[in-house]
Amino acid sequence: MENVRDWMYIPRRLPQFETGVIEFLNASFAKVAKGGQICCPCKLCKNRYWYRRDKVFDHLTGYGFVENYYVWVFHGENLSELGSNTAIDDDGDDGAGMHDNIDELLHDRFRGVTEEVNVVREGLNEEAKKFYKLVEEGKQELFPGCKNFTKLSFIIRIFLYKTLHGLSNVAFTELLQLFLEVIPEAKLPASFSQAKSIMKDLGLDYKKIPACPNDCMLYWKEHEQAETCHICHTSKWKQPNLKQGSKHVNEDSKKSPKVPAKVVWHFSLKPRLQRLFMCSDTAKYMTWHDEGRPKDGNLRHPADAKSWKEFDSLYPQFAKETRNVRHNLDVMHIEKDICDNVVATLLDISSKSKDHVKGRFDLLDLGIKESLQPELSEDGAHVIFQNACFSMSSKEKSMFLSCSEGNKAALWMCI
């Protein structure tokens with residue numbers, strides 16, 4: 001049957017694709033936008049990174065949608081809406097096609113480890129033993145005869161449900177208890193705290209770190225108990241509504257628990273790396289850059305680059321341990337973002353240029369680059385902004401675009 005969202009995977013130059021993208025953005029920003037941003041479902045971002053509307057539009061028209069994203073589960077839809085939005089082939093598999101590939105997700109997240117669960121190992125520490133035990137338990141059926149979910153895949157799925165629908169911790173616990181009443185033999189945790197503990201032991205947890213609302217600092221380590229930012233002196237906590245009477249404000253502030261004004265969610269890298277070294281198949285690749293790489297002078301790996309060698313010379317103790325892992329940056333993504341910002345600034349494209357009014361007033365607050373700071377006109381009725389050294393006239397912009405027209409690489413990076 002024809003899928004009503006086939007427009008998502010037609011050639012991106014067609015007007016139907018752009019029309020569909022605009023409809024997607026309208027629906028998504030109306031339902032799930034947070035701080036004027038949604039997660040980007042392009043092939044590069046894969047619903048992992050959050051951007052504003054113009055950036056998501058650029059990514060979708062430049063890279064296209066991630067594969068098989070017919071149901072916009074990260075943008076306010078759920079699987080029950082499949083019937084109204086898409087046409088699913090009925091091949092008599094009794095709903096097997098409704099799976100959301102949780103097993104694939106687990107295989108990717110714990111790459112190679114699950115295959116080694118039953119292998120006897122010597123010398124495992126307690127954390128490793130706990131991890132393998134949880135993975136093995138997670139492969140059990142949710143309840144006898146259940147073919148669609150394992151214990152672990154269901155817990156992950158219900159956490160996704162909690163996130164998408166803003167379920168409170170209490171409501172999450174009551175939902176688990178309802179499931180256990182309906183299916184007493186189900187292998188489910190009895191509360192949110194137990195479910196969260198399972199996720200934590202698997203290395204899928206996160207840590208909430210209070211932050212200064214002006215992004216000056218994190219209330220972390222030696223600053224964990226601080227009450228105000230040591231840079232801008234702003235309070236760590238959300239302030240009560242000052243529109244109410246002062247008496248009520250004081251009473252409410254005493255009753256209500258303090259809530260951080262801003263919170264950073266930290267997903268630790270360490271458990272992920274530890275899991276990679278637990279598996280013998282992946283562990284050997286983690287040290288390949290030093291132990292398996294041909295060292296013949298040819299540039300075939302980041303370890304052959306000058307910057308890598310300079311880092312090793314600066315930190316010889318770190319470099320001595322081959323298991324220390326270096327991070328690689330998404331060069332293509334970074335290049336495109338930089339190109340977007342530079343070209344938009346040079347051409348003074350509204351809403352995309354980095355040389356904007358707020359930026360000019362920031363220069364005034366910081367006391368730098370006086371020639372670019374806003375000035376009042378002589379009559380005091382207007383604010384004057386001087387042109388920057390990179391500002392171009394209309395004629396110069398036309399020349400710039402004419403030169404870029406024949407440069408396919410430059411045009412592709414800026415589309």
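Buried here means under 20% relative accessible area. Keep that cut-off at hand for this tour of a predicted model, starting with the whole chain and then moving from stop to stop.

**The whole chain**

Show everything as a cartoon and colour by secondary structure: the protein chain has 18 helices and six strands. Of its 415 residues, 30% count as buried. The chain exposes about 27,700 Å², and carbon and sulfur atoms supply 55% of that area. If you draw contacts with a separation of 6 or more, residues 24 or more positions apart account for 49% of them.

**Colour by confidence**

The mean for the protein chain is 77, and 74% of its residues reach 70 or more.

Now select residues 82–100. Their pLDDT stays under 50, and the model gives them 18 contacts beyond four places in sequence. Residues 408–415 are also below 50, with 13 contacts beyond near neighbours in sequence.

**Into the largest nonpolar core**

Select W7, F24 and F65 and show their side chains. These are the residues with the most contacts inside the largest nonpolar core, which has 23 residues. Helices α1 (15–31) and α2 (53–63) each supply at least two residues of this core. The largest share, five residues, comes from α1.

Leaving out residues up to four places away in sequence, F65 touches W7, M8, Y9, F17, V21, F24, P41, C42, K43 and L60. Another core, of 16 residues, lies apart from the largest one; to find it, select C146, I156, I158 and F192, which are among its members.

**A buried asparagine**

Go to N47, in the loop between β1 (38–39) and β2 (50–51). Is N47 buried or exposed? With a relative accessibility of 12%, N47 counts as buried. Show what surrounds this residue: beyond four places in sequence, N47 is in contact with C39, C40, P41, V66, Y69, F74 and H75.

A search of the whole structure finds ten salt bridges. Side chains of opposite charge can pair when their charged atoms come close.

- **R5 and E77.** The closest N and O atoms of this pair are 2.7 Å apart. R5 sits in the segment before α1 and E77 in the loop between α2 and α3 (82–85), so the bridge links distant parts of the chain, 72 residues apart. R5 is buried, at 8% relative accessible area. E77 is buried too, because its relative accessibility of 6% falls under the 20% cut-off.
- **E227 and K258.** Here the closest N and O atoms are 3.6 Å apart. E227 lies in the loop between β3 (207–210) and α9 (246–255) and K258 in the loop between α9 and β4 (263–266), so the pair ties together parts that are 31 residues apart in sequence. E227 is partly exposed at 40% relative accessibility, whereas K258 is exposed at 57%.
- **K306 and E310.** This salt bridge spans 3.9 Å, N to O. Both residues belong to helix α13 (residues 306–314), and because they are four residues apart, about one helical turn separates them. K306 counts as exposed at 63% relative accessibility, and E310 as partly exposed at 40%.

Which helix gives the most to the nonpolar patch? The answer is helix α16 (residues 357–366), with three residues. V357 is found in helix α16, and at 47% relative accessibility V357 counts as partly exposed.

Methods. Residues are numbered from 1 along each chain as its sequence is written. This is a predicted model: local features need pLDDT of at least 70, side-chain atom pairs count only at pLDDT 80 or more; totals for chains, interfaces and linings use all residues. Side-chain values use heavy atoms; hydrogens and water are left out. Buried means under 20% relative accessible area, exposed over 50%, partly exposed in between (1.4 Å probe, protein chains only). Contact means heavy atoms within 4.5 Å. A nonpolar core is a set of buried Ala, Val, Leu, Ile, Met, Phe, Trp, Tyr and Cys residues joined through side-chain atoms within 4.5 Å. pLDDT is the predictor's confidence in each residue, from 0 to 100. Accessible areas come from the Shrake-Rupley method with a 1.4 Å probe; for residues, only the protein chains shown count as cover. A salt bridge is a side-chain nitrogen of Lys or Arg within 4 Å of a carboxyl oxygen of Asp or Glu.
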